[in-house]
Amino acid sequence: MDLTVYLAGQIHDDWRETVKLKAKENNLPLTFVGPQTNHERSDNVGEDIIGKQPAKIHTDDAASSINNFRTQVLLNKSDVVIALFGEKYKQWNTAMDASAAISMGKPTIIIRPESLVHPLKELSNKANVTVETVDQALEVLQYIYE
């Protein structure tokens, strides 16, 4: 049984590649999807498709609608969502994606460090599982196949 896993979280480092590599090392039959990780493409997609916008706020709005469309399609297609919260970057998109997944009834695993227990307590309480590391999240998925 193959599962499609949506990887929600910041796009500023290669944590998704780490997840993919570790899943492959453990022979987990997982397909991964997620947000557009090319930051420039994500920011410019609205103007790339719709055309030049009159102001930055409209550029952001156009990109946001297309990025939200992409996210909704991929979340709908996913079987499981892993939402990684780190300490280095603001996590608004991660919180939005995790909340949407939970509202859609998608099985959701939240990864967050101990320092974020308090600010994420309500979201963690709504998720199916909350862990502190990528390895723990993958162990949860591996348990499905036992």
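In the predicted model, the buried residues of helix H2 (residues 39-50) are Ser 42, Val 45 and Gly 46. Viewed down the axis of H2, these buried residues fall within an arc of 80°, so they line one face of the helix. An α-helix has 3.6 residues a turn, so residues three or four places apart point the same way. The cover over the buried residues of H2 includes helix H3 (56-77).

Both ends of H2 show local features. At the start of H2, a side-chain oxygen of Asn 38 comes to within 3.1 Å of the backbone nitrogen of Glu 40. Just after H2, Gly 51 adopts a positive phi of about 115°.

The strands are considered next. An open sheet is formed by 5 strands in the order S2-S1-S3-S4-S5, with parallel pairing. From one strand to the next, the twist averages 25°.

Within this sheet, strand S3 (residues 80-84) pairs with strand S4 (residues 108-111) in the parallel sense, over 4 bridges. Leu 84 has Ile 111 as its bridge partner in S4. Helix H6 (residues 134-144) lies across strand S1 (3-9) as well as S2, S3, S4 and S5. The direction of H6 is at about 160° to that of S4.

Definitions and conventions:
Residues are numbered from 1 along each chain as its sequence is written. This is a predicted model: local features need pLDDT of at least 70, side-chain atom pairs count only at pLDDT 80 or more; totals for chains, interfaces and linings use all residues. Side-chain values use heavy atoms; hydrogens and water are left out. Two strands pair if DSSP finds at least two bridges between them. Helices (H or I, at least four residues) and strands (E, at least two) are DSSP runs, numbered from the N terminus. Axes are lines fitted to C-alpha atoms, for helices over the stretch in contact, and angles run from 0 to 180 degrees between N-to-C directions. Contact means heavy atoms within 4.5 Å. Buried means under 20% relative accessible area, exposed over 50%, partly exposed in between (1.4 Å probe, protein chains only). The arc is that of the directions from the helix axis to the C-beta atoms. A polar contact is a pair of N or O atoms within 3.5 Å; within protein, one must be able to donate a hydrogen and the other to accept it, and residues adjacent in sequence count only if both atoms are side-chain atoms.
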